[in-house]
Amino acid sequence: MVKVAIVCEGKSDRNFFKKLISRLGFAESNISFYILGGKSKFFELENRNYQDIKLEVDSGQIDNILFVIDADDEKSDMKNGGYENTQRALNALISELGFEGISRIFIMCDPTTKTGYLESLILSTISESQRNCISCFLACSEFESKENHKAILNQIYDLAYPNAPFDFEHSYFDELKQTLRNLFEVV
């Protein structure tokens with residue numbers, strides 16, 4: 001069986017992927033999650049997680065790696081923010097780590113604007129009226145920091161849609177689902 005490492009920014013990313021992987025029918029026992037604790041930590045070559053992954057790859061314990069990172073917004077980070085900058089930086093990192101042949105990437109964002117993060121992707125899959133309702137609440141609440149915004153957005157979404165928290169059948173999830181299927185294929 002193929003063993004996969006999923007490298008992501010935070011716990012909410014891991015929790016989201018656990019739900020999606022379960023929905024796709026893959027065994028969680030074949031996955032090792034590496035939570036880096038933020039986008040800036042993704043681009044630190046000396047990050048201990050990368051050393052651990054390299055050891056597991058070299059010993060045959062990891063066959064494929066999925067790097068999952070937020071696009072964020074270029075306005076807030078000219079170097080690594082925005083879809084294209086994130087993709088460029090991540091490809092360079094993968095090359096420097098020597099993981100080119102076994103790695104895939106998925107940049108989380110609103111597929112239309114190519115900005116944002118996991119929550120932007122999730123919100124893009126619900127109706128416009130539902131998005132407007134959530135956006136109006138967030139604007140009215142005047143929560144300033146990105147982390148507060150993301151945490152509150154997750155809570156609102158989970159409370160408002162407890163029976164079907166993610167519409168994994170939405171076409172915006174197709175690329176991600178196919179990427180995961182490709183990771184688990186035995187070549």
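So, strand β1, residues 4–8, is joined to strand β3, residues 64–70, by 4 bridges, and the two run parallel. Before I go on, this is a predicted model, where local features need pLDDT of at least 70, side-chain atom pairs count only at pLDDT 80 or more, and totals for chains, interfaces and linings use all residues. Residues are numbered from 1 along each chain as its sequence is written, and side-chain values use heavy atoms, with hydrogens and water left out.

On terms: helices (H or I, at least four residues) and strands (E, at least two) are DSSP runs, numbered from the N terminus. Two strands count as paired if DSSP finds at least two bridges between them.

Now follow isoleucine 65 across to β4, where its bridge partner is serine 103. β3 and β4 also run parallel, joined by 6 bridges.

Put together, that's an open sheet of 4 strands in the order β2-β1-β3-β4, with parallel pairing. The edge strands, each pairing on one side only, are β2 (31–35) and β4 (103–108). From one strand to the next the twist averages 20°; axes here are lines fitted to C-alpha atoms, for helices over the stretch in contact, and angles run from 0 to 180 degrees between N-to-C directions.

How many of the residues of β3 are buried? It's 7 of its 7, where buried means under 20% relative accessible area, exposed over 50%, and partly exposed in between, with a 1.4 Å probe and protein chains only. Asn64, Leu66, Val68 and Asp70 are on one side, Ile65, Phe67 and Ile69 on the other, and both faces are covered. As a reminder, in a regular strand the side chains alternate between the two faces of the sheet.

Next, the helices. Helix α1, residues 11–24, lies across β1, β2, β3 and β4, running at about 160° to β2. Then there's α8, residues 174–184, with Leu176, Lys177, Thr179, Leu180, Leu183 and Phe184 buried. Looking down the axis of α8, those buried residues fall within an arc of 160°, so they line one face of the helix; the arc is that of the directions from the helix axis to the C-beta atoms. Their cover includes β1, α1, β2, β3 and β4, with contact meaning heavy atoms within 4.5 Å.

Helix α3 has Asn49, Tyr50, Ile53 and Glu56 buried. Down the axis of α3 they fall within an arc of 125°, so these too line one face of the helix. They pack against β1, β2, α2 (39–42), β3 and α4. On the other side of α3, you'll find Arg48, Leu55 and Asp58 exposed.

Let's stay with glutamate 56, which is in α3, residues 48–58. Which side chain of opposite charge is nearest to glutamate 56? That's lysine 3, 7.9 Å away, and the buried glutamate has no salt bridge. A salt bridge needs a side-chain nitrogen of Lys or Arg within 4 Å of a carboxyl oxygen of Asp or Glu. For charge, Lys and Arg count as positive and Asp and Glu as negative, while His and the chain ends are not counted. Setting aside neighbours within four places in sequence, glutamate 56 is in contact with Ser32, Tyr34, Gln61 and Ile62.

Last one: lysine 75, in the loop between β3 and α4 (83–97). Buried or exposed, this lysine 75? Exposed, with a relative accessible area of 76%.
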